[in-house]
Amino acid sequence: MEQYDSNSRKPFNELRIVFMGTPEFAVSSLDALVEAGCHIVGVVTAPDKPAGRGMKLTASAVKQYAVSKGLTVLQPEKLRAPEFLEQLRSLQADIQVVVAFRMLPEVVWNMPPMGTINVHGSLLPQYRGAAPINWAVINGEKETGVTTFKLQHAIDTGNILLRATLPIGENDTAGEIHDRMKVLGANVLVQTIKELAAGTLTEIDQSGLAAEDAASIKHAPKIFTETCTIDWNKSTDAIHNLIRGLSPYPGAFTHLDGKILKIFQSRKETTTPAVPPGTVETDGKTFLRFATADGHIQVLELQLEGKKRMPVSEFLKGWRRE
């Protein structure tokens with residue numbers, strides 16, 4: 001990385017920025033930069049992919065937004081490809097911004113003189129990894145947040161720039177936190193770049209924070225199928241948190257009538273169960289609940305294999321117990 005000369009510091013809206021991102025979550029951040037008057041010289045996103053019933057090539061949410069704004073778009077298959085690296089260098093970025101993209105090789109993140117900054121969906125050093133929103137909800141956290149930090153070799157370990165907190169309600173789903181977080185993250189990103197341009201940010205070394213809180217550090221690995229399987233022998237709280245932490249995607253599931261039943265919304269009941277954990281109870285009209293180790297989970301929204309997602313009352317109209 002070239003040294004950034006503070007004596008030649010550019011105003012905020014003159015910084016040459018390359019933005020890297022793919023899903024809808026990243027669009028909020030890119031839009032916030034555009035609306036703030038930032039000079040976006042290029043947008044790097046995933047190649048178009050087949051989608052839908054016709055498997056038609058479809059552009060990422062970030063590409064669709066970038067094209068609508070007339071921004072230069074790069075879609076490399078491989079981030080180490082010489083032709084992509086040459087294109088990236090030609091943009092002469094002062095700084096790169098990464099939001100919900102893929103892991104970058106050092107030759108990419110180390111290219112601009114002001115480095116590459118990432119927006120991460122947790123209060124680092126907590127919840128480093130691929131699924132920070134999901135795991136914060138699954139673990140029953142009352143608070144999460146966003147962190148902007150500078151990329152370095154190990155994932156999610158670079159120097160912290162800014163952090164902002166976000167409360168988690170006891171019935172909030174990962175999807176609801178995601179939607180609030182993308183707005184918060186976009187605002188924090190703009191503020192980060194403004195302060196970097198002004199030279200008023202003090203970077204915080206994560207290693208010191210991680211060492212202080214080593215015993216309480218939690219991680220956010222990828223979500224796998226086994227993570228999504230509901231164990232009715234667990235507590236009502238733990239199961240409720242799992243359901244909302246995996247809603248709307250990929251969805252916590254159990255089995256009903258030999259089919260997969262995904263549960264997207266639930267309510268806790270503290271009544272002492274008189275039946276074994278996992279037992280299904282219903283009046284056939286208004287409620288469907290499962291016994292847990294210490295209570296019940298009432299299902300509010302679900303999807304039975306082969307059916308659409310629906311409220312429990314609609315499901316019960318057409319379901320007869322086998």
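**Figure 1. Burial of strand E1 in the predicted model.** Strand E1 spans residues 16–21, and five of its six residues are buried, so the strand is largely enclosed by the rest of the structure. Buried denotes under 20% relative accessible area, exposed over 50%, and partly exposed the range in between, with a 1.4 Å probe and protein chains only. Strands (E, at least two residues) and helices (H or I, at least four) are DSSP runs numbered from the N terminus. The model is predicted, so local features require pLDDT of at least 70 and side-chain atom pairs pLDDT 80 or more, whereas totals for chains, interfaces and linings use all residues. Residues are numbered from 1 along each chain as its sequence is written, and side-chain values use heavy atoms, with hydrogens and water left out.

**Figure 2. Strand partners of E1.** Strands count as paired if DSSP finds at least two bridges between them. E1 pairs with strand E2 (residues 39–44) in the parallel sense over five bridges, and Arg16 stands opposite His39 of E2. E1 also runs parallel to strand E6 (residues 95–99), joined to it by five bridges; here Phe19 has Val97 as its bridge partner.

Figure 3. Seven strands are arranged in the order E5-E2-E1-E6-E7-E9-E10, with mixed pairing. Strands E5 (73–74) and E10 (160–167) stand at the edges with a single partner strand each, so one side of each lacks a neighbour in the sheet. Within the sheet, E6 and strand E7 (residues 116–120) are parallel over three bridges, with Val98 bridged to Asn118 of E7.

**Figure 4. Packing of helix H1 against helix H6.** The axes of H1 (residues 24–35) and H6 (residues 174–198) come within 8 Å and cross at roughly 35 degrees. Axes are lines fitted to C-alpha atoms, for helices over the stretch in contact, and angles run from 0 to 180 degrees between N-to-C directions. The contact (heavy atoms within 4.5 Å) involves residues including Phe25, Ala32 and Leu33 of H1 and Met181, Leu189 and Ile193 of H6. The contact residues divide into eight nonpolar, four polar and two charged. Nonpolar covers Ala, Val, Leu, Ile, Met, Phe, Trp, Tyr, Cys and Pro; charged covers Asp, Glu, Lys and Arg; the others, Gly among them, are polar.

**Figure 5. Surroundings of Lys63.** Lys63 lies in helix H2 (residues 61–68) and, at 16% relative accessibility, counts as buried. Its contacts, leaving aside neighbours within four places in sequence, are Thr45, Asp48, Val73 and Gln75. Val44 is 19 residues from Lys63 in sequence, with a C-alpha to C-alpha distance of 8.2 Å.

Terms used:
A crossover is right-handed if, with the strands pointing away from the viewer, the path from the first strand over the helix to the second runs clockwise.
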